[in-house]
Amino acid sequence: MTDASPPRGRFITLEGPEGSGKTTAARHLTEWLRGRGAPVVLTHEPGGTPLGEEIRRIVLHMRGMSDDLDPRADALLYAAGRAQHVARVIRPALERGEWVVCARYSDSSLAYQGAGYGNDLGEVRRLQDFATFGLRPDLTLLLDVPVEVGLDRTRRRAEWNRFEDTEAVAFFEQVRAAYLRLADEEPDRMKVVNGSGSVEAADAAIRVIVEPLIG
Ligand code: TYD
């Protein structure tokens, strides 16, 4: 008997607070999957499309410059970028049978726009469903690091000096706790990976989790 269904790509997202190593882990995972013969689109949020990159510029600039970005406006901006990203990049790739590896997706909005910036979590969830046509990842890798470790790494990269104050630490504690709650709620989809060790250790842990998804 022949199987007529096309090869199915998987949608994998990487999440975690600042400095947790998502970008490196996403790149290494992509290289590894390609080495195994899987066609992979590597992408990220905020961004991933021309519109998304414009929105990224706006949200990061606003956040760096002042605290004056209204939480709902913030949530809608990320959602707009996500809608474009799903429609133009992620869904088409999955429909072609390709894999998609994406650094940050809807869980970032639940953790940051919900828990961090105080939008109602149920409303942020509904907004994600609207923006993504209900497209959820097959697997989400949550790179977990203690807040101070992550902030230390980002400080070394000389990003965002607003991280210095204690208010920022409290904010990121909330974000981290929200991520861990999400992982508790959906243990099949969301796997916690220790992000405080070496890059090699995180890569190895991720491969063990992803291996069973490769047909
Ligand atoms: P990112 O480029 O991943 O930065 P980092 O590598 O430091 O994690 O994300 C930039 C910022 O955007 C980050 O502070 C998290 C924030 N963000 C949200 O608040 N909501 C979202 O939905 C997304 C995708 C990102």
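Three cavities of 30 Å³ or more were found in this predicted model. A cavity is here a set of points, on a 1 Å grid over the protein atoms alone, where a 1.4 Å probe fits but cannot get out. Grid points are joined across faces, edges and corners, and a volume is the space filled by probe spheres set on the points. The largest cavity has a volume of about 60 Å³. Its lining, made up of residues with an atom within 4 Å of a point, consists of Glu45, Pro46, Gly47, Gly52, Ile55, Leu77, Tyr78, Gly81 and Arg82. Two or more of these residues come from each of helix H2 (50-65) and helix H3 (71-95), and H3 gives the most, with four residues. Helices (H or I, at least four residues) and strands (E, at least two) are DSSP runs numbered from the N terminus.

Residues are numbered from 1 along each chain as its sequence is written. In this predicted model, local features need pLDDT of at least 70 and side-chain atom pairs count only at pLDDT 80 or more, whereas totals for chains, interfaces and linings use all residues; side-chain values use heavy atoms, with hydrogens and water left out.

The largest pocket (an open set of points with protein on both sides within 12 Å along at least five of seven lines) holds about 680 Å³ of space. Its lining comprises 31 residues, of which Lys22, Thr23, Glu45, Arg56 and Arg104 lie nearest the centre. At least two lining residues are supplied by each of helix H1 (22-35), strand E2 (40-44), H2, H3, helix H4 (106-116) and helix H6 (147-156). The largest share, five residues, comes from H1.

The ligand takes the space of the largest pocket, a placement that requires more than half of its atoms to lie within 2 Å of the grid points. Around the ligand are 15 residues, the closest being Arg56, Arg82, Arg104, Ser109 and Gln113; a residue is counted if one of its heavy atoms lies within 4 Å. H4 contributes the largest share of this shell, four residues.

The protein covers 93% of the 540 Å² of accessible area that the ligand has on its own, as computed by the Shrake-Rupley method with a 1.4 Å probe.
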